[in-house]
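Please look at the sequence and the model first, then read the notes below.

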Protein chains: 2
Amino acid sequence: MSLQEDLNTIPGVAAREAATHGFVFNHTMLRVKDIAKSLDFYTRVLGFTLVRRRDFAEAKFSLYFLVLVDDPSQIPAEEPARGEWLLSQRGVLELTHNHGTESDADFRYHDGNAEPRGFGHICVSVPDVEAACARFEQLGVAFQKRLTDGRMKDIAFIKDPDGYWVEILQPTARV
Amino acid sequence: MSLQEDLNTIPGVAAREAATHGFVFNHTMLRVKDIAKSLDFYTRVLGFTLVRRRDFAEAKFSLYFLVLVDDPSQIPAEEPARGEWLLSQRGVLELTHNHGTESDADFRYHDGNAEPRGFGHICVSVPDVEAACARFEQLGVAFQKRLTDGRMKDIAFIKDPDGYWVEILQPTARV
């Protein structure tokens with residue numbers, strides 16, 4: 001039995017239905033307190049490109065859509081092609097900013113890893129996890145788990161400005 | 001000024017550093033109570049393929065990695081190529097199952113959309129949002145927001161077995 005056939009015997013796993021053809025796991029949305037800090041983290045530290053902002057002035061929130069691609073020139077420059085491209089991609093990050101939270105010293109979002117738990121983390125894979133983590137240290141990024149912490153020496157977790165965990169790993173590592 | 005140049009003036013947005021070359025937004029991790037129910041939902045209803053399971057018997061949890069691709073034959077059949085492929089992809093979904101939670105009637109995870117808020121949702125884009133939602137209705141999927149609810153008539157939110165919100169939209173819609 002192949003590895004895939006073996007996985008397909010796990011209770012709950014179903015064969016793909018034709019009706020799901022063309023479905024794309026497009027994005028993950030996180031609420032952030034201070035959008036300037038989050039944009040700095042995701043663009044400067046992790047290399048994301050901001051592709052779209054949508055402002056809802058009346059409801060007092062804005063949405064920011066980011067992608068992590070090596071060649072941003074592939075992103076269509078103009079709407080509507082730009083939006084269609086964005087919503088057809090895998091691995092988009094949507095950040096929701098409720099206006100004013102950045103000015104409230106006591107305000108904070110819940111990272112999902114303390115009670116009540118649920119969402120755990122996002123993950124960015126990197127070509128060289130040692131080099132990436134050394135750079136994060138130089139940049140003063142907060143770590144939840146360094147490579148040297150715990151049993152799993154080939155993964156790290158850094159924290160974004162809201163405390164959301166971002167796993168860092170190398171595809172060729174044994175994880 | 002181009003749309004991209006305009007976005008690049010938003011406070012916090014930084015130019016991409018060469019050190020982030022090759023970084024990939026690989027996955028999003030959610031904890032799930034009953035893995036069989038979740039695997040059924042993500043494979044049968046949404047079309048994901050289970051690519052890897054990792055069991056941690058001593059720590060009593062298992063990890064499940066799924067991708068949503070039209071052609072699963074592109075997934076390398078054997079390790080280590082399979083794992084390297086998986087961790088190099090965008091848009092992987094990782095489900096964490098802590099063993100035994102499925103047998104605890106009172107156990108539930110937090111979806112992030114009630115207090116304390118944080119994580120909001122994941123999103124699956126589909127070629128035809130009307131057809132997709134009609135199929136979800138036929139399948140008895142729970143809705144958080146139907147297309148006809150609220151102001152935004154071109155997006156829906158369904159709920160996975162843990163109550164996590166899954167946005168459904170069509171890339172060509174005005175969202």
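The domain assignment of chain A gives two parts, domain 1 (24–102) and domain 2 (120–175). The coordinates come from a predicted model.

**Domains of chain A**

- Between the C-alpha centres of domain 1 of chain A and domain 2 of chain A the distance is 22 Å.
- Where these two domains touch, domain 1 of chain A contributes 14 residues and domain 2 of chain A contributes 13 residues.
- An unreviewed UniProt entry carries the annotation "domain: VOC" for residues 24–171 of chain A.
- That span, residues 24–171 of chain A, is 18% helix and 34% strand, and its end C-alpha atoms are 22 Å apart.

- Strands of a sheet pair through backbone hydrogen bonds, in either a parallel or an antiparallel sense.
- Strand S1 (residues 24–32) of chain A pairs with strand S4 (residues 92–98) of chain A in the parallel sense, over six bridges.
- Opposite A:Leu30 stands A:Leu95, which is in S4(A).

**Aromatic pairs**

- A:Tyr42 and A:Phe48 form an edge-to-face pair, because their ring planes stand at 85°, with the centres 5.6 Å apart.
- A:Tyr42 and A:Phe48 are both buried.
- Another edge-to-face pair joins B:Phe119 and B:Tyr164, at 6.1 Å centre to centre and 80° between the planes.
- B:Phe119 belongs to strand S5 (residues 119–125) of chain B, and B:Tyr164 to the loop between strand S7 (155–159) and strand S8 (165–169) of chain B, so this pair ties together parts 45 residues apart in sequence.
- B:Phe119 counts as buried because its relative accessibility is 2%, under the 20% cut-off.
- B:Tyr164 also counts as buried, at 1% relative accessibility.
- Ring pairs also link A:Phe25 with B:Phe41, B:Tyr42 and B:Phe48 in a cluster.

Definitions and conventions:
Residues are numbered from 1 along each chain as its sequence is written. Chains are lettered from A and ligands numbered from 1 in the order in which they are written. This is a predicted model: local features need pLDDT of at least 70, side-chain atom pairs count only at pLDDT 80 or more; totals for chains, interfaces and linings use all residues. Side-chain values use heavy atoms; hydrogens and water are left out. Two strands pair if DSSP finds at least two bridges between them. Helices (H or I, at least four residues) and strands (E, at least two) are DSSP runs, numbered from the N terminus. Rings of Phe, Tyr and Trp (its six-membered ring) pair if their centres lie within 6.5 Å; planes under 30 degrees apart count as stacked, over 60 as edge-to-face and the rest as tilted. Buried means under 20% relative accessible area, exposed over 50%, partly exposed in between (1.4 Å probe, protein chains only). UniProt positions are given in the numbering used here, feature names are shortened, and annotations may be inferred rather than shown by experiment. Domain bounds come from an automatic or database domain assignment. Contact means heavy atoms within 4.5 Å.
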